[in-house]
Amino acid sequence: MKILVMHPGTQHSTKLASAIKESGHDVKLLTTVYNKKHTIINFVKKLLPKKEIKRLDARKNNNLNDNDIIVKCELEGIILLLLGRIDRSKKIYAKYKYHVAKKIAQKAYKIIIKENYDVVITFDSYAYHLFKRLKENKINIVKIIDYTAAYPIFVKKIYEKLFIQYPNFKSSLKSERCILWNKKYCKAASEEIYYADKFITASSYTSKTLIEYGIENKNIIKIPYGYDAINKKHNKSEKDIDKTEFNILYVGNVNIMKGVTNLINAFQKIKYNEIKLRLVGNVQNIIYDIVKDNRINILGFIPQNLLYKEYNNCDLFVFPSLSDGFGFAPLEAMSFGKACIVTEEAGISDIIENGKDGFVIPANNQEALKEKIEWCFHNKNIIKEMGKRAEKKVYNYSNESYTMKILELLKIIEREKNHEK
């Protein structure tokens, strides 16, 4: 089959395109910004500092050739990336993201018509303009949305509840995902699901958020992401942290939606001085205001190639997210033999067997979080054994297993298309 993957950024789309290619199908990835020959990015790359060059190189997928990549609306894509960095309010970014999504959808439509594709896969919040036009013009093509996160309208309701819980933080909460209050974006996000034929989700949680808005379970295919265990080569003993302490680690965006305020508040009620908390990731400013405990160390962003030190030295990993489509950080922690505490609203909870290789607790429950951390502190030997079981489980979630599940999905689509004939 001929398959077009369309995403204005790259993110997970390169892994999806790579998996389809390995399955033996003819695939092209349509995007705005990609480091390939004869692009603006490839030219500008030579003028950038080493740190930025590494970021660009990370956008490439070694399993894809330049011929597999179609770059359109590159200048708009670059502007969108810059806005993502400099527009603190995210209001201009939100409007421009909608503009880019609409423009690349027009390009995708022309490519599909000209090249006669069998399947198009795009991502949540980017499908509306393309899928609506394809359906209205009765173009015979299978339309799939890959949901990398929970359904946006579902997430918006969570934010509205948080406004009540944290009234003083309402403006900060809105700035996290201000795009959810952009009327055009919300209309597109709410309607795009009704133009799609099938949906890919990484977890039961994401599937649940779609089912709640009327999508039939039979049209949802759950495919957990594959884990690239690149950090495992660094898995060696480190002496950076005093091992007489009991170290808790969190990795991810350090903000309210990730449940970090709950983690901090729960932790500050724990009286054991030996327990320390380390927070790694881009930090929302209000987090600094609520930390009143010198046992909490806010480390900020740490490059991926240096994170192994943190994973090696922690005794317990906590991921208290209020809404998360999957969650790679807990999977990374498991690969280092660490037991994890995660919430029911994090997709990674599909993988963890409660009480055997980690713990699953209710989201937004500070008391449950406090009690579980204290239990782990008093049962260090047990959580070490749980960590060993968690490490073995990670290998069931490889890039190879992800590719196999994508292949199974494509076989289903082929059978359905042949049946139609």
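Visitor: What is the order of the strands in the open sheet?
Guide: This is a predicted model. In it, seven strands form an open sheet in the order E3-E2-E1-E4-E5-E6-E7, and the pairing is parallel.

Visitor: Which strands stand at the edges?
Guide: Strand E3 (69-71) and strand E7 (220-222) do. Each has a single partner strand, so one side of each has no neighbour in the sheet.

Visitor: By how many degrees are neighbouring strands turned against each other?
Guide: On average by 20 degrees, direction ignored.

Visitor: How many bridges are there between E5 and E6?
Guide: Four, in the parallel sense, with E5 covering residues 142-147 and E6 covering residues 198-201. Among the paired residues, Tyr 147 has Thr 201 in E6 as its bridge partner.

Visitor: Changing topic: is helix H1 largely buried or exposed?
Guide: Seven of the 10 residues of H1 (residues 13-22) are buried, so the rest of the structure largely encloses this helix.

Visitor: Which residues of H1 are buried?
Guide: Ser 13, Thr 14, Leu 16, Ala 17, Ser 18, Ala 19 and Ile 20. Just after H1 comes Gly 24, with a positive phi of about 95 degrees.

Visitor: Now Asn 262. Where does it lie?
Guide: In helix H11, residues 260-267.

Visitor: Buried or exposed, that Asn 262?
Guide: Asn 262 has a relative accessible area of 4%. The cut-off for buried is under 20%, so Asn 262 counts as buried.

Visitor: What is Asn 262 in contact with, leaving aside neighbours within four places in sequence?
Guide: Gln 165, Tyr 166, Leu 322, Asn 364, Gln 366 and Leu 369.

Visitor: And what separates the C-alpha atoms of Asn 262 and Ile 158?
Guide: A distance of 15 Å, with the two residues 104 residues apart along the chain.

Technical notes
Residues numbered from 1 in each chain as written. Predicted model: local features only at pLDDT ≥ 70, side-chain atom pairs only at ≥ 80, totals over all residues. Heavy atoms only, no water. Pairing = 2+ DSSP bridges. Helix = DSSP H or I, 4+ residues; strand = E, 2+ residues; numbered from the N terminus. Axes fitted to C-alpha atoms, helices over the stretch in contact; angles between N-to-C directions. Buried < 20%, exposed > 50% of the residue type's maximum accessible area, 1.4 Å probe, protein only. Contact = heavy atoms within 4.5 Å.
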